[in-house]
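Here is a short note on the model, as numbered points. Please read it with the structure open.

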Amino acid sequence: MSNGSFPPESGRRGGTLAIVLAALIPACCVAFWLLSSSPGGSKDDDADGGSGSTAPSASSPSATASPASGKPLQGKVVVIDPGHNPHNRDHPSQIARLVDIGTNEKECDTTGTATNSGYAEASFTLDVARRVRTALEARGATVRFTQDGDRPYGPCVDERAEIGNTAHADAVVSVHADGAAAGQRGFHVILPKSVRGGGADTSAITAPSRLLGERLRSRFAKATGSEPAQYIGDGSGLDVRGDLGGLNLSTVPKVFIECGNMRDPQDAAELTDAAWRERAGRGIAQGITDFLNE
């Protein structure tokens with residue numbers, strides 16, 4: 001059989017037919033190839049995006065931020081509350097006025113404590129808070145402050161709570177340092193007590209706030225090498241309080257962290273060290289990250 005396809009007829013007619021077929025077959029193949037590879041190919045190609053080997057477009061779901069992309073906190077809102085304000089001492093009457101904290105009334109704010117050398121708690125909290133913000137934003141979080149040294153005083157404790165509530169924050173951390181007696185060392189995290197009264201109702205946030213506090217305790221200790229305070233919270237590193245307006249009035253998960261005792265010389269040496277504060281900021285940021293990724 002000629003060409004392995006058709007048996008030729010006898011004589012000249014068979015030879016002519018074979019020649020015509022030999023010419024037509026390649027032409028048909030070329031035409032089919034052109035049609036199938038043209039931009040306006042089949043309808044199925046348009047629907048499926050081809051064979052699946054094409055890279056995703058910037059608007060496709062696979063191109064959006066995710067933990068694998070290095071942005072594990074994309075879409076999360078975190079409020080950081082730097083305790084006190086460097087300018088509070090210049091406004092004694094304003095910060096002394098009483099505000100409603102739900103269960104009772106308390107001062108708008110205080111000046112905070114300081115080391116024996118004069119390093120103010122308000123300066124410490126701003127420095128650490130800014131380091132926390134840098135770390136969280138690098139992970140994709142939206143970070144808001146209650147104050148950034150840009151207010152004449154305060155805000156008052158009730159407003160600090162409201163800032164987190166209005167932001168619908170996924171987590172709020174208030175950064176502080178303690179002013180206990182010398183010889184009492186270590187850090188602790190303050191959790192909201194279950195309270196209800198006036199404008200205060202923490203029943204919905206006590207459980208998630210405890211989880212946030214536990215994550216902070218673990219990561220802060222690991223990052224800084226600090227031990228939980230032995231003079232409060234039975235050495236657990238956790239203390240539950242119902243007298244803080246910033247916690248009582250919060251409707252979102254919130255805790256305070258007392259990073260160390262400014263009145264103890266050994267703790268003060270750490271709190272005044274920029275490298276230690278950097279580790280503290282990263283520890284707080286990691287604790288928040290762990291909580292938000294639960």
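1. Is Cys-156 buried or exposed? Cys-156 is buried: its relative accessible area is 5%, and the cut-off for buried is under 20%. Bear in mind that this is a predicted model.

2. Cys-156 has a partner. Its sulfur atom and that of Cys-108 are 2.0 Å apart, and the two residues form a disulfide. The pair meets the criterion of sulfur atoms within 2.5 Å. The protein's disulfide count is one.

3. The link of Cys-108 and Cys-156 is left-handed, with -90 degrees about the S-S bond.

4. Now the burial of other cysteines. Cys-108 has 0% relative accessibility and so counts as buried. Cys-259 is buried as well, at 2% relative accessibility.

5. Of its 294 residues, 40% are buried. The accessible surface is about 15100 Å², and carbon and sulfur atoms account for 53% of that surface.

6. Last, the contacts. Take those between residues at least 6 apart in sequence: 79% of them join residues at least 24 apart.

How values were computed. Residues numbered from 1 in each chain as written. Predicted model: local features only at pLDDT ≥ 70, side-chain atom pairs only at ≥ 80, totals over all residues. Heavy atoms only, no water. Buried < 20%, exposed > 50% of the residue type's maximum accessible area, 1.4 Å probe, protein only. Contact = heavy atoms within 4.5 Å. Areas by Shrake-Rupley, 256 points an atom, 1.4 Å probe, with all protein chains shown as cover.
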